[in-house]
Amino acid sequence: MKKIKTIGIIGTGLIGSGWAARAIHYGVNVIGFDKNTSQESSFKESVNRALPYLKKLTSDLKMPKKGKLCFTTNLNELINLSDIYQENVPENLKLKSRILSEIDLNSDPKKIICSSTSGFMPSKLQKNFKNPERFLVAHPFNPVYLCPLVEIVPGKKTSNHFKKLAKNFYENIGMHVLLVRKEIPGHISDRLQESMWREVLYLLKDNVANTKEIDESITHGPGLRWSIMGINQLWFLAGGKGGTKHFINQFGPALKWPWSHMKAPNLNKKIVERFSRGTKKQTNGKSINEIEKIRDDCLVAILKVLKKHNFASGNTLNIFEKNLKKINK
Ligand SMILES: NC(=O)c1ccc[n+]([C@@H]2O[C@H](COP(=O)([O-])OP(=O)(O)OC[C@H]3O[C@@H](n4cnc5c(N)ncnc54)[C@H](O)[C@@H]3O)[C@@H](O)[C@H]2O)c1
């Protein structure tokens, strides 16, 4: 397959325009297509709004020449001009299947077709394809131009060749590719977000807390840690010097208590072993003290950034500083 010079963005809303900004900044041309003809101006506006952030992010790098941005209401034009297709129409299985099949039927089978779907399984979407081996899910996170994660989910009929091509492409536009080895509705990250959202809705329904209180319970606590380490590595540290064994002994029983509306799986030997072994491997030979140091150094740096923007925990720091000044006067 020839070098990917142009990406076709099908559906130019929030996610489509995020993809477009990222691609342009990393030197890939963009052609956007939307069924809504009046979308062109808001698409271009969103892309232009995002570009300065990308510039800031990479200010110390020698970036390639920016890609060009254009828009069409003619799907065939997009099909002919693009080297890769990124579908971002609303989360509706029938609509996505129809558009993706149309692209499959009318395009060069050497070109990759990807969907940004938040939850549909690729095997379902590629079911009616003539060339299903070149289809996969490439699920990004909003704002796509700043969040590096893309979950690549191959379907039953996706070939290794196209998996590799896709990985290469997304890495070239500055992304972290997480290859989802087993397809499942909601992929990995959205399943986690969805579980939390469902719990949030229960807290609201039962009037336990309002949206602000719920959000604070994240932003000023666990959320601050999550950009540095995922929940497994943090739980590993939560076991203190006793490690995962101590953690499981302490919090394992809670899985049977009503701490969540979701029913936990049985905490059997296999799960415990996967958790302990997995988190140990993640340490990469580092001691608990060393990992705690990384976490804390990063937390301080993130808090400083939040303080500069006077947001979330950064606002708490600023208020504290202000009060301290008053006391010291
Ligand atoms: N919003 C998020 O945070 C997020 C994150 C990751 C993935 N996604 C996924 O990305 C996809 C798009 O989501 P979004 O938030 O950008 O939605 P959106 O509503 O902002 O954008 C959808 C765009 O698709 C266009 N569209 C509708 N029907 C079309 C058709 N037949 N042909 C061409 N264009 C059509 C609309 O005019 C609109 O511009 C969904 O599958 C969603 O699940 C969303």
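Is Phe251 buried, partly exposed or exposed? With a relative accessibility of 33%, Phe251 counts as partly exposed, a class that lies between buried (under 20% relative accessible area) and exposed (over 50%), as judged with a 1.4 Å probe and protein chains only. The model is a predicted one, in which local features need pLDDT of at least 70 and side-chain atom pairs count only at pLDDT 80 or more, while totals for chains, interfaces and linings use all residues. Residues are numbered from 1 along each chain as its sequence is written, and side-chain values use heavy atoms, with hydrogens and water left out.

We can start with the chain as a whole. Its secondary structure comes to 14 helices and eight strands, where helices (H or I, at least four residues) and strands (E, at least two) are DSSP runs numbered from the N terminus. The C-alpha atoms fill a box of roughly 65 × 55 × 45 Å along the principal axes, and 38% of the 329 residues of the protein chain count as buried. If contact is taken to mean heavy atoms within 4.5 Å, then among the contacts between residues at least 6 apart in sequence, 70% join residues at least 24 apart.

Now to some of the helices. Phe251 is found in helix α11, which covers residues 243–251; the C-alpha atoms of Phe251 and Cys298 are 26 Å apart in space, and these two residues are 47 apart in sequence. Gln233 has its place in helix α10, residues 231–238, and it counts as buried because its relative accessibility is 13%. Leaving aside residues up to four places away in sequence, Gln233 touches Thr279, Gln282, Thr283 and Ile291. Leu224, in helix α9 (residues 222–226), is buried, with a relative accessible area of 13%. The residues that Leu224 touches, again without those up to four places away in sequence, include Ile218, Leu299, Ile302 and Ser313, whereas the C-alpha atom of Gly27, 197 residues apart from Leu224 along the chain, is separated from that of Leu224 by 33 Å.

The loops hold some details of the backbone. Most residues other than glycine have a negative phi, and most peptide bonds are trans. Between Asn142 and Pro143, however, the peptide bond is cis, with omega about 0 degrees, and Pro143 is found in the loop between β6 (135–139) and β7 (149–154). His187, in the loop between β8 (176–179) and α7 (189–205), has a positive phi, near 50 degrees, and with a relative accessible area of 1% His187 is buried. Ala312 also has a positive phi near 50 degrees; it is found in the loop between α13 (288–308) and α14 (313–328) and counts as partly exposed, at 21% relative accessibility.

A pocket is an open set of points on a 1 Å grid over the protein atoms alone, where a 1.4 Å probe fits and protein lies on both sides within 12 Å along at least five of seven lines, and its lining residues have an atom within 4 Å of a point. The second largest pocket is lined by 26 residues, and Gly11, Asn88, Val89, Pro90 and Lys96 lie nearest its centre. The elements that give two or more residues to this lining are α1 (14–25) and α4 (93–106), and α4 gives the most, with five residues.
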